[in-house]
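Here is a friendly walk through ring contacts and helix packing. Please have the sequence and the 3D view open as you read.

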Amino acid sequence: LSSRASAILRPLDIPLSGEIAGAYDGSWKGSGDILESVCPSTGEIIARIRTASPSELHETLDKTRDAYKHLRALPAPRRGEILRQIRESIASKREALGALVSLEMGKIRTEGVGEVQEFVDICDSAVGLSRMMNGRVVNSERPGHSILEVPNPLGVVGVISAFNFPVAVYGWNFALSFAAGNATLWKPSPTTPLCAIAVTKLIARVLEANDVPGAAASLVVGGSDIGEAIVQASEVDLVSFTGSEKVGREVGRAVQSRFGKTILELGGNNAAVVMPDADLSLAVPAIGFGAIGTAGQRCTSTRRLYVHRSISDKVLRALSGLYSAISPGDPLESTTLLGPLHSKTAVNTYVTALTSLRASGAEILSGGDDLEPLPAPLATGNYVKPVIAIPRTHDPLKEPWNKELFVPILNVAIFDHLEDAINWNNAVPQGLSSSLWTRDIRNVGKWIGPSGSDAGIVNVNVGTSGAEIGAAFGGNKVHKCLSQSTGWGRESGGDAWKQYVRWSACTINFSDNAPLAQGVNFSI
Ligand code: NAD
């Protein structure tokens, strides 16, 4: 193993040689297929992981179910106190875990650390919630009666996560699920297993110190077969899936067919709209970060840019200048702003998309030419140049506008009226994030109101990517002709916790009579 990789793995207690167990339910195991973790910056194989076999998965499901019975008996504030300790444990490894995210996923170090910070932040929020996950008392129409709505723990929450946020997305789910009294079973992306193993080790130590069964935070590293088995498992009450629209559709159908619950957080195809009165000193860098950050591999990455005709030359000149100042490099270096794509497959997607843009007559404003070879060991990494393109036509229902490609290609179109830009923003099947740049309060009113952006995230003078944990995160859509390709999930802040409980409606009779509701008379 390179010294670069071993320096990152050692402080996180990840073995530097041999095969690493990828399943945990109180003890570590894994006798399934071997999976390799490959560093996207260099192509180095950094670990071999033993995945869970089908029988181990079923054993883990049973233990996770038992752990739920233990957790539900703990008062919620006690669960909050354990979460506080988990928060401390994760925070104490903030830099080390952030570096591991960089090494294994490929995002730049500051984004890797930021992702760990999200885990810490959502733990803080869930610690507070553990004393505030309140039900309510409802007025009864019957004398001497009270109605309570009681939030009770659901059971087992299965979290299936994507490669691009290998720490934070689990954090969003785990913290709320645990505070609500559920046991959580995590199946991370098969290409970021080490991040999951490192996080689970930190959580497991805290659980053990508090006499909570380790299966309260179970882990099963594996591929789509393990994912499918979790989706089918009747032991899993809620499946929280983060990933592509294609897989999300299958997951949604399968869980619905057994009347399980889902949270679906799927792809985005996010637009930024720049009005003539926008402050370009804020807008241009934010659009640059939205489109280039994480090499275009955030669900909230800016993929479409709609610029008002009167300022289009100025905006595109400034943005092209920003692009030409950024070149890809080692994501572990503090000065690097653009890391590699996560996989060779993504590089192929990028090349195919660029070829097709060229073939259809798009103007390539930035990027698109060959990349100078990077020095070893980066020469074998998945680096590409980010692209700004002006496709020849704009039709939000057709390629390249209607697809999320998950590579750093920003497509640009020019508009004359805000209403057109809002219609274009809304016309695609995805509805995750959106951003308007303006100083005019009337534009803000149109954008955030009922006829404005129909995405789940509707920002003003803030880019499409980089959400805080406070507001619930997820997709919306009102366009009636299209499917909603982002899902309707809500995770993290806001009222998202309410999905991790089952609501018990309890009518209690304190009186000496037993009247029926609605005055129904059934006297015998
Ligand atoms: P993916 O859909 O390929 O994989 C996601 C997870 O699903 C992985 O753990 C994978 O092993 C598992 N999986 C694959 N097939 C399965 C099946 N049949 N049944 C159950 N599980 C299965 O996604 P990806 O390439 O890892 O991630 C990129 C996608 O994730 C993008 O579309 C991105 O927009 C989306 N994403 C969305 C959000 C959000 O909050 N909306 C956040 C991050 C990523």
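## Basis

This is a predicted model, in which local features need pLDDT of at least 70, side-chain atom pairs count only at pLDDT 80 or more, and totals for chains, interfaces and linings use all residues. Residues are numbered from 1 along each chain as its sequence is written, and side-chain values use heavy atoms, with hydrogens and water left out.

## Aromatic rings

Searching the whole structure turns up 10 aromatic pairs (rings of Phe, Tyr and Trp, the last by its six-membered ring, with centres within 6.5 Å; planes under 30 degrees apart are stacked, over 60 edge-to-face and the rest tilted). One of them joins Phe119 and Tyr170: the planes meet at 65°, so the pair is edge-to-face, and the ring centres are 6.3 Å apart. The partners are 51 residues apart, with Phe119 in helix H5 (residues 109-129) and Tyr170 in helix H6 (residues 168-179), and the pair thus links distant parts of the chain. Helices here are DSSP runs (H or I, at least four residues), numbered from the N terminus. Phe119 and Tyr170 are both buried (under 20% relative accessible area, with a 1.4 Å probe and protein chains only).

Phe174 and Phe178 make a tilted pair, with 5.4 Å between centres and 40° between planes. They are 4 residues apart in helix H6, which means a separation of about one helical turn. Phe174 is buried at 0% relative accessibility, and Phe178 is buried with a relative accessible area of 0%. Together with Trp186, the residues Phe119, Tyr170, Phe174 and Phe178 form one aromatic cluster.

## Charges over rings

Lys107 lies over the face of Phe165, 3.6 Å from the ring centre (NZ of Lys or CZ of Arg within 6 Å of the centre and within 35 degrees of the ring normal). Lys201 lies over the face of Trp28, at 5.8 Å from the ring centre.

## Helix packing

Helix H4 (residues 94-105) packs against helix H7 (residues 193-209) at about 160°, with axes 9 Å apart (axes are lines fitted to C-alpha atoms over the stretch in contact; angles run from 0 to 180 degrees between N-to-C directions). H4 is therefore roughly antiparallel to H7 (over 145 degrees; under 35 counts as roughly parallel).

Helix H13 (residues 418-427) and helix H14 (residues 441-448) pack at about 30°, with axes 11 Å apart, so H13 is roughly parallel to H14. Leu418, Glu419, Ile422 and Asn425 in H13 meet Asn443, Lys446 and Trp447 in H14.

Key. Helices (H or I, at least four residues) and strands (E, at least two) are DSSP runs, numbered from the N terminus. Buried means under 20% relative accessible area, exposed over 50%, partly exposed in between (1.4 Å probe, protein chains only). Angles under 35 degrees count as roughly parallel, over 145 as roughly antiparallel, 65 to 115 as roughly perpendicular and the rest as oblique. Contact means heavy atoms within 4.5 Å.
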